[in-house]
Amino acid sequence: MLYISVWKRVLILGVCLLGIVAAAPNLFYGRVEAHNDAVSAAEKSGFETPEQAVERARWPDFLPSGLVNLGLDLRGGAHLLAEVHVEDVYKARMDALWPEARDAVRKAAGTARRAPSSADTLRILVGDPAKLPDALAAVKALATPVVSLTGVGQNDITVAAEGDQVVIGLSDAERAATDDRTMQQSLEIIRRRVDAVGTREPTIQRQGSDRVLIQVPGIGSASELKAIIGTTAKLSFHPVLARGSNPDANPGVGNVIYPSLDQKDVYYTLDATPVVSGDDLVDARPDFDQNGRPAVAFRFNTTGARKFGDYTAANIGQLFAIVLDNEVISAPEIQSHIPGGSGIITGNFTVESSTNLAVLLRAGALPAKMTFLEERTIGPELGQDSIDAGRVAALVGLVAVVVFMIACYGLFGVFASVALGVNIALIFGILSMIGGTLTLPGIAGIVLTIGMAVDANVLVFERIREELKTARGPARAIELGYEKAMSAIVDANITTFITAAILFIAGSGPVRGFAVTLVIGILTSVFTAIYVTRVLIVVWYGYRRPKTVIV
């Protein structure tokens, strides 16, 4: 019997309406995008309520506002390929190990001095060569197991003797683990900084061993993107050893010379090992100093607060340099013990610069310097041309399919064409709800879906024709047509779905953009071809009760 229960009809109709409503904002892309941007800006600024922003954007807040995100090739934006200098992390690791290793060698051999070495090694000159074996044993005791699946059972450092020196380096397993951690941290920090700007659906992914691909749609230029992510924002606090005007002076082993940020021809000689670093920072926010000038307030975690408090208690009267990206922001004198682990950074800040610095500090410091190997700015005109070309291709394909289906199957072809329109709406609705990104290959996937979507209808209608030839009634023929074609439809789409899923998992960039729309298109095509057309045919048949059916 040709029948679909009421609850199934309501469910199918509800899914179709939900998809159409979710896709509708894309017909008013500019206005809805202005609405979303206004609400986001209002929430961040605090100067305007989201309700006021909605009124200004002229898009009702009760309507859905999800949009299909346009990829870099459609919307325009910036493309960067950056190389991460992982060797910077090796040097930082050796610098951090120096105080502990120095104390261990002193206990074992009496004296210890740091000797010149490469960035990835630490050389300690032992005062008494006869006690070199004791010094080696003391330093080896500092080794810890590598925290990595590939470095199980190995230590993080290697210790060897060369003449009267103890030479410390990172083990191969620790280097690999450090490289991986550095890249993961870089990816996360870049993502935080880009997200803080409010851009939509950036592509930030690792390429090779030490490179990062960054693609941000909708941003003005590559230089603007570099300004957002290129700042290291590495904050640290160092003891001041001397102050002078010669940047080429010899600072001594284990020391560095950094320029003053706001004082011309002033250079500070600092201990290279910081007392506290930005890694211990838990909060940073724009503030004002006691004179009403813009500043940045900061707060350390428990570990950083203890180090900060202990140092300030033991060095009252000494200068303490606040260093940001190898420049001394200020070098105040320690007036008293600071136990709370919080303070304020003053300098020649504007309100905007103090706010930006606070954002960078909260996002975290990049673990290593980056060099930009490739940078491109893609204008929105190219994206609009691609959208227009894709729209023409989709319309031509849609019209061709509709004409073919109506010419071959008459009224049933009209039902299939209506289902095809619903199918396209569902694709855009799902992309809007999941926040998917539409790329130029994604448009190709939609056009391909338009051509493939009626395959299931063709199988069903041809099967109905065969059943009508056996002198069965039209209702029974339609019912058997759907039942007997089901297995072939499912098998054909499962194989295509598996291929599309593999493309999505294994591919990247344009390949994934194509796979996303293809996977969604397969699911919506099966739904509309099997259920939507069947509901339309059942409703039509129940209303007209034809004696014969021409398919």
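Me: Before we start, what should I keep in mind about the model and the numbering?
Reply: This is a predicted model, in which local features need pLDDT of at least 70 and side-chain atom pairs count only at pLDDT 80 or more, while totals for chains, interfaces and linings use all residues. Residues are numbered from 1 along each chain as its sequence is written, and side-chain values use heavy atoms, with hydrogens and water left out.

Me: How many helices and strands does the protein chain have, and what makes a run count as one?
Reply: The protein chain has 16 helices and 19 strands. Both are DSSP runs numbered from the N terminus: helices are H or I with at least four residues, strands are E with at least two. Strand β12, for instance, covers residues 276-277 and holds S277.

Me: Why is T312 called buried?
Reply: Buried means under 20% relative accessible area, exposed means over 50%, and partly exposed lies in between (1.4 Å probe, protein chains only). T312 has 1% relative accessibility, so T312 counts as buried. Across the protein chain, buried residues make up 44% of the 551 residues.

Me: What does T312 touch?
Reply: Contact means heavy atoms within 4.5 Å. Leaving out residues up to four places away in sequence, T312 touches I334, S336, H337 and I338.

Me: How do you know that T312 has a polar contact with I338?
Reply: A polar contact is a pair of N or O atoms within 3.5 Å; within protein, one must be able to donate a hydrogen and the other to accept it, and residues adjacent in sequence count only if both atoms are side-chain atoms. A polar atom of the T312 side chain lies 3.1 Å from the backbone nitrogen of I338, so the pair is within the 3.5 Å limit.

Me: What caps α9, and what do its buried residues pack against?
Reply: N301 caps the N-terminal end, with a side-chain oxygen 3.3 Å from the backbone nitrogen of T303. In α9, G304, A305, F308, G309, Y311 and T312 are buried, and the buried residues pack against β9 (235-244), β12, β14 (294-300), β15 (320-324) and β17 (342-345).

Me: Why do the buried residues of α1 count as lining one face?
Reply: The buried residues of α1 are I12, C16, G19, A22 and A23. Seen down the axis of α1, they fall within an arc of 135 degrees, so they line one face of the helix. The arc is that of the directions from the helix axis to the C-beta atoms. On the other side, V6, W7, V10, L13 and L18 are exposed. The cover over the buried residues includes α12 (411-434) and α16 (510-544).

Me: What makes a group of residues a nonpolar core?
Reply: It is a set of buried Ala, Val, Leu, Ile, Met, Phe, Trp, Tyr and Cys residues joined through side-chain atoms within 4.5 Å. The largest has 45 residues, and those with the most contacts inside it include I124, I190 and I229. Helix α5 (residues 87-109) gives the largest share of this core, eight residues. A second, separate core of 27 residues includes Y409, A416, A475 and A529.
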